[in-house]
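User: I have a chain open here and would like to talk through how it is put together. Could you start with whatever term I need for the burial figures?

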Amino acid sequence: MDESKDAEMNKVLAGEEILESGFGVEKANIQMDICPAQEKQSLLRRNCKIALICLIHIAVGSYFGYATHYYIREYNNHQCSEALERDPLYCSMRFCDGYGFLILFLGFIYFGLIYYKVFKPTLGHRLYRKYLVPLNRWWMIFSRKRSTSAILIGFLFVILAIFLYYETKDEPQKLSSLAAPCFFIACGNAFSTNRSAIKWRLVITGITCQFMLGIICIRWSVGRSIFECIGNRTANFLSFADEGSRFVYGDDMISQGVFAFAILSVIFFFSFLISILYYMGVMQWVVMKLGWLLAQLLGTTVCESVTAAANIVLSMTESAILIRPYIKLLTASEIHSIMVSGFATVSGSVLAAYLSFGASPAHLITSSVMAAPASLAISKLYLPETEESKNSANNIQLEKSQDSSLLDAASNGANNAIQIVLGVTANLIAFVAFIAFLNAVVSWFGGLVGLDYVDFEWLFSKLFIPLAWAMGVPWQDCDEVAKIVATKTIINEFVAYERLGILINNNAISARSAGIATFAICGFANPSSMGMMIGILATMAPKSRGVITSVAFRAFVVGSIVCFVSASFAGILMQEEEESRVYQKILSLNQLRNITIGVIEKQ
């Protein structure tokens with residue numbers, strides 16, 4: 001394994017050197033052939049480009065300077081340094097939406113420019129070859145020794161035990177949330193397709209990353225504030241779709257919250273934006289960087305890592321399109337991992353629908369982020385790799401946009417959303433109707449023996465009560481949360497979030513139970529999505545259809561398990577007071593919305 005790793009590193013470095021030397025020779029040859037007129041034209045174009053870049057930086061610097069002056073002036077005018085009660089509008093940096101956000105935004109941009117334009121070309125490659133490559137080789141050899149691995153795993157468990165002790169000493173009931181992860185890991189070992197092929201290092205690393213992300217995003221106050229800010233900004237951004245919806249459908253449809261018009265219309269706006277970013281190459285760059293990070297952390301292949309990273313934002317359809325040329329080359333384990341990551345996350349295009357039902361935006365984003373490493377780790381537990389992958393970092397290249405211009409990309413993005421909206425609408429109508437039919441049938445049989453309250457969903461939900469308790473839900477809320485999880489599993493997450501929103505508005509369950517349920521159903525693991533996933537992958541790789549259909553149901557189950565494990569970790573890390581504050585804010589927004597609808601109806 002070490003020799004193959006070294007060979008791969010040498011191949012990559014050799015390739016970089018060839019590219020650099022080849023580029024230099026090619027550049028020299030081109031320069032010899034350039035005539036004086038062309039050279040003068042090229043010099044003029046380059047000078048104009050430099051002048052334009054300088055003007056942009058001067059404009060940005062001037063704007064930032066005036067923004068700083070304005071902030072200091074308002075800070076002094078409101079006597080923020082002396083006031084006992086400071087006005088948060090003028091006396092705080094407001095890192096989420098004010099002057100502080102401007103500092104962070106410009107800081108990230110200029111840090112990236114300096115790193116990629118200055119540091120990396122001059123020192124980055126040299127430092128990588130001289131220090132990072134030897135360090136990586138040493139670590140690969142050192143960490144794969146059995147004694148070293150045993151020490152590292154033991155140290156990890158000690159740290160985990162200490163953390164859990166201090167986290168749960170005042171609330172020991174939280175320890176029940178450990179039951180679900182332990183149970184599912186044991187099931188993975190028992191029902192794995194090849195126990196001897198399980199790479200426990202990958203599994204432990206992935207689940208540890210999932211738990212660490214939970215600590216950062218849920219337990220750590222700074223991380224929680226960051227993800228709350230991201231969630232609120234995302235919700236605010238998606239709300240701009242209402243302006244287009246109101247123009248087309250009218251104010252009444254949107255104000256009354258009619259699902260097909262007010263909620264699903266956001267998909268057009270989000271698809272429009274993603275198509276533009278895809279055309280510009282931004283999405284491919286971000287996905288490749290995140291995929292590379294996952295591959296380095298877990299040791300998974302490029303295709304499955306890139307897809308897992310893409311599923312944080314994109315739908316399982318869009319993420320599969322990114323690697324379309326390579327799907328026919330994937331192994332059964334890689335196909336399984338790709339399907340699991342699709343089932344364990346939700347896309348940004350449907351977030352607005354969940355938010356309209358009362359889900360926490362921070363929890364939705366956190367759940368998708370936590371699912372990225374966990375989907376790879378747990379999928380490799382249930383279906384470990386036994387074949388040699390044909391994809392590597394040297395031959396992978398993400399699918400480029402086929403659009404001819406930025407305007408063409410924007411138009412096609414909006415048009416492509418039509419199929420998504422129609423698909424969501426058709427599946428909701430069909431599955432809700434079918435479940436209503438099953439409920440009527442079971443209720444008829446129950447009525448004949450005096451059990452009128454028994455229906456199909458009631459029976460199916462009872463299976464999930466032990467799971468709800470194992471995820472950390474208080475016993476008095478287990479029945480309601482079990483019904484929500486059952487609804488998501490047999491219908492879809494849209495209906496589940498709608499019913500969860502009703503429970504939240506009626507204060508029928510605690511804030512902590514609502515938070516755990518939000519994580520547990522934050523995934524596309526439902527029967528209609530399984531059919532869509534099979535159809536998409538089989539269309540892209542017809543010869544692999546047998547493999548795709550054979551691993552689909554297992555991926556469906558494992559995708560659900562990833563969500564349940566995330567919910568369990570959230571159950572350990574959530575604080576009741578903090579969750580109450582979050583859902584009280586959501587309730588206030590819903591009440592304001594209901595008041596607005598009532599005023600419109602009276603008019």
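Analyst: A residue is called buried when its relative accessible area is under 20%, and exposed when that area is over 50%. Please keep in mind that this is a predicted model.

User: OK, what percentage of the residues in the protein chain is buried?

Analyst: Of the 603 residues in the protein chain, 43% are buried. The chain exposes about 32,000 Å², and carbon and sulfur atoms supply 66% of that area.

User: And how many helices and strands does the secondary structure come to?

Analyst: There are 26 helices and 0 strands. Among contacts with a separation of 6 or more, 79% are between residues 24 or more positions apart.

User: What does the pLDDT average over the protein chain?

Analyst: The average is 82, with 88% of the residues scoring at least 70. Over residues 595-603, however, the pLDDT is below 50, and that stretch has 5 contacts in the model beyond near neighbours in sequence. Among the elements, helix 1 (residues 2-33) has the lowest mean pLDDT, 44, whereas helix 20 (residues 465-470) has the highest, 94.

User: Switching to packing: which residues of the largest nonpolar core touch the most other members?

Analyst: That core has 132 residues, and the ones touching the most other members are Met339, Phe343, Tyr354, Met471 and Tyr497. Helix 25 gives the most to this core, namely 15 residues. A second, separate core has 5 residues, including Ala67, Tyr71, Tyr99 and Leu102.

User: What is Phe343 in contact with?

Analyst: Leaving aside neighbours within four places in sequence, the contacts of Phe343 include Met316, Phe524, Ser529, Met530, Met533, Phe556 and Cys563. Of these, Ser529, Met530 and Met533 are among the buried residues of helix 24. The buried residues of helix 24 pack against helix 14, helix 15 (332-343), helix 18 (406-447) and helix 25.

User: Helix 25 again, then. Is Ser566 buried or exposed?

Analyst: Ser566, which lies in helix 25 (residues 545-573), counts as buried because its relative accessibility is 1%, and the cut-off for buried is under 20%. Not counting residues up to four places away in sequence, Ser566 touches Gln210, Met370, Ala371 and Phe519.

User: Now helix 12. What span should its residues have, and how far apart are its end C-alpha atoms?

Analyst: At 1.5 Å a residue, the 17 residues of helix 12 (residues 282-298) should span 24 Å, and the end C-alpha atoms are 24 Å apart, so the two values agree. The buried residues of helix 12 are Met283, Gln284, Val287, Gly291, Leu294, Ala295 and Leu298. They cover an arc of only 100° around the axis, which means that they sit on the same side of helix 12.

User: Which helices do those buried residues pack against?

Analyst: They pack against helix 6 (200-219), helix 11 (266-280), helix 13 (302-310), helix 14 (316-322) and helix 17 (361-382). Just after helix 12, Gly299 has a positive phi of about 80°.

User: Which residue has a positive phi although it is not a glycine?

Analyst: Asn507 does, with a phi of about 55°. Most residues other than glycine have a negative phi. Asn507 is found in the loop between helix 22 (493-505) and helix 23 (511-520), and with a relative accessible area of 59% Asn507 is exposed.

Note on methods. Residues numbered from 1 in each chain as written. Predicted model: local features only at pLDDT ≥ 70, side-chain atom pairs only at ≥ 80, totals over all residues. Heavy atoms only, no water. Helix = DSSP H or I, 4+ residues; strand = E, 2+ residues; numbered from the N terminus. Expected span 1.5 Å × (residues − 1). Buried < 20%, exposed > 50% of the residue type's maximum accessible area, 1.4 Å probe, protein only. Arc of directions from axis to C-beta. Contact = heavy atoms within 4.5 Å. Areas by Shrake-Rupley, 256 points an atom, 1.4 Å probe, with all protein chains shown as cover. pLDDT = per-residue confidence, 0-100. Core = buried A, V, L, I, M, F, W, Y, C linked by side-chain atoms within 4.5 Å.
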